[in-house]
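Subject: Structure for you to look at

Hello,

Here is the structure I promised to pass on. Please open it beside this email and follow along.

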Amino acid sequence: VNRLIISWRTIALSLLNTLAVGISSAGEIADRVLDAVVGRLANRAVTGQVVVVALDERTMAQSPNRNFSMTQYANVVDAANRAGAKRILNDFYFDRREADRDFPLFVDAVRNMGDRVVLAVSTRQVPGSDEKVTTFPSKQFGPDVPMASIAIESEFWQVWSAPIAYRAEGRLLPTFAAIIAGRHSDTPKSFRLDLGYNTRTIPEYSAVDLLSGKVGTRELAGKDVIFAPTAPSFQDYFYLPGHNRIPGGFLHVIAAETLKRGNPVDIGWIPPLLFAVAAIGLALLPRFQRAFAPIALGTTATLIGGKIFLGTMLVTSWIGAALFFIAAIAANVSRTRRRASAQRENPVSGLPNFEALRSQAAFGSATVVAAKVVNFEDLAAFIPGDGIAKLVEQVTRRLQLASQGTTLHHDLDGTFAWLVPY
């Protein structure tokens, strides 16, 4: 005898569909929605040890013909050097500026900072194809200049992860985040960004203020400086889940802060699914069947709360497949219970029928009292409209007074019955 609410076949089919959802990553939609909510509620401040010197709209407006010359780039590097910056990471590539007459000035400024300067290696995807184009710094900087990848890859038009190491044209390169956090990987590797950071707390200084002396040692000494474009004309903006569009330089800051805070770990979707299967399996046992709904809701809440809590410790879990399994089992349980309820309920009065009375547990010392509406079948056949329903309603109302609050049962032939304890 099957003592579970639903059959083993139904459970196996639900689990099979769940595995398909997990393997195909279809369940990630729920996880991404939750991650976006976490991002929207983000309130953690950054450490302030990584700052952005921005080539912003104000700087561009004060540059001749809105053109920031290589001389000015060199002056920014020199100014950061004089301010005692720990490092300056240039989030620019200059493949179209190498022919400028003042490009050697920028090369000299970079060389003067030695290993405290990092140049960007850009990797961009060719629109409409899978081909990627990588731009390395000019050979004029020399073979020993530090380089790092600034590759950013998005999923669903948003940036969820960032690389620690990225392979570009056969060369394994660190990223800005890896250099700032002192991390290393021998293979290309990515990690999930901590979306709990409030991007408004990232220290940002305009390049024009650095060049004028308004920003200096107090703001930059001992800190990692990311020199990055933020002016809209650069089109270097990305969507961070739960946040507004932010400059690419801000993404490097969030990635660096994530790595500086700890070692991100991804446990995947199988552990949450195993937890859900164990909890729901328990709820299907006869002893706990009455508490199925609270257990299912509690398991769902635990999965969501656990995902958010683990996220604060840089542990990524994927609960979409587990939620799908709970929903599939709950839908089958609900359908089975509705069918059982319909089989034990009189369709006219809505009262439990005699089948429900027969299936009751032993009720001890009690007397069964019955009353029958004579010729009920004939009345049901000849009374027009909803007249029979109104007749049953009136009879039910009177018999409920007689039954003194005990459950009233109504069978299809017009017989009513209730139990009267001794």
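Start with Ile 180. Is Ile 180 buried or exposed? Its relative accessibility is 5%, so Ile 180 counts as buried. The cut-off for buried is under 20%. You will find Ile 180 in helix 6, which covers residues 176–181. Now look across to Ala 256. Ile 180 and Ala 256 are 76 residues apart along the chain, yet their C-alpha atoms are separated by 6.2 Å.

One caution before you go on. This is a predicted model. Every value here is computed from that model.

**Salt bridges**

Next, the charged side chains. Side chains of opposite charge can pair when their charged atoms come close. How many salt bridges are there? The count comes to 15 salt bridges. Here are some to find on screen.

Take Asp 35 and Arg 192. Their side chains meet in a salt bridge, with 2.7 Å from N to O. Asp 35 sits in helix 2 (residues 28–40), while Arg 192 sits in strand 8 (residues 189–192). The two are 157 residues apart, and the pair links distant parts of the chain. Asp 35 is buried, at a relative accessible area of 13%. Arg 192 is buried too, with a relative accessible area of 13%.

Then go to Lys 372 and Asp 413. This pair also forms a salt bridge, and the closest N and O atoms are 3.7 Å apart. Where do Lys 372 and Asp 413 lie? Lys 372 is in strand 15 (residues 366–372). Asp 413 is in the loop between strand 16 (409–410) and strand 17 (415–421). The pair therefore ties together parts that are 41 residues apart in sequence. Lys 372 has 47% relative accessibility, so Lys 372 counts as partly exposed. Asp 413 is partly exposed as well, with a relative accessible area of 27%.

Arg 397 and Glu 393 pair within one helix. Their closest N and O atoms are 2.8 Å apart, in a salt bridge. Both belong to helix 15 (residues 387–403). They are 4 residues apart there, so about one helical turn separates Arg 397 from Glu 393. Arg 397 is partly exposed, at a relative accessible area of 46%. Glu 393 also counts as partly exposed, at 41% relative accessibility.

Some salt bridges share partners. Which residues do they join into one network? The network holds Asp 31, Asp 35, Arg 192 and Lys 307.

**Helix packing**

Now turn to the helices. Helix 10 (residues 270–284) packs with helix 11 (residues 292–312) at an angle of about 165 degrees. Their axes are 9 Å apart. That angle makes helix 10 roughly antiparallel to helix 11, because angles over 145 degrees count that way. The crossing of helix 10 and helix 11 is right-handed.

Helix 11 has another partner to check. The axes of helix 2 and helix 11 come within 11 Å. They cross at roughly 55 degrees. Helix 2 and helix 11 are therefore oblique to each other. Helix 2 passes helix 11 in a right-handed crossing.

**Backbone angles**

Most residues other than glycine have a negative phi. Two residues to look up here are Asn 65 and Trp 157.

Asn 65 is not a glycine, but has a positive phi of about 55 degrees. Asn 65 lies in the loop between helix 3 (57–61) and helix 4 (70–82). Its relative accessible area is 78%, so Asn 65 is exposed.

Trp 157 also has a positive phi, near 65 degrees, and is a residue other than glycine. Its place is in the loop between strand 5 (147–149) and strand 6 (161–168). Trp 157 counts as exposed, at 74% relative accessibility.

**A surface patch**

Last stop. Which residues form a nonpolar patch on the surface? Look for Leu 13, Leu 16, Leu 19 and Ile 23. Together they have about 390 Å² of accessible area. Leu 19 is in helix 1 (residues 8–24). Leu 19 has 34% relative accessibility, so Leu 19 counts as partly exposed.

Best wishes

Technical notes
Residues numbered from 1 in each chain as written. Predicted model: local features only at pLDDT ≥ 70, side-chain atom pairs only at ≥ 80, totals over all residues. Heavy atoms only, no water. Patch = residues over 30% accessible without salt bridge, like charges linked within 9 Å, V, L, I, M, F, W, Y side chains within 5 Å. Areas by Shrake-Rupley, 256 points an atom, 1.4 Å probe, with all protein chains shown as cover. Salt bridge = Lys/Arg side-chain N within 4 Å of Asp/Glu carboxyl O. Buried < 20%, exposed > 50% of the residue type's maximum accessible area, 1.4 Å probe, protein only. Axes fitted to C-alpha atoms, helices over the stretch in contact; angles between N-to-C directions. Parallel < 35°, antiparallel > 145°, perpendicular 65-115°, else oblique. Left-handed = near helix turned anticlockwise from the far one by under 90°.
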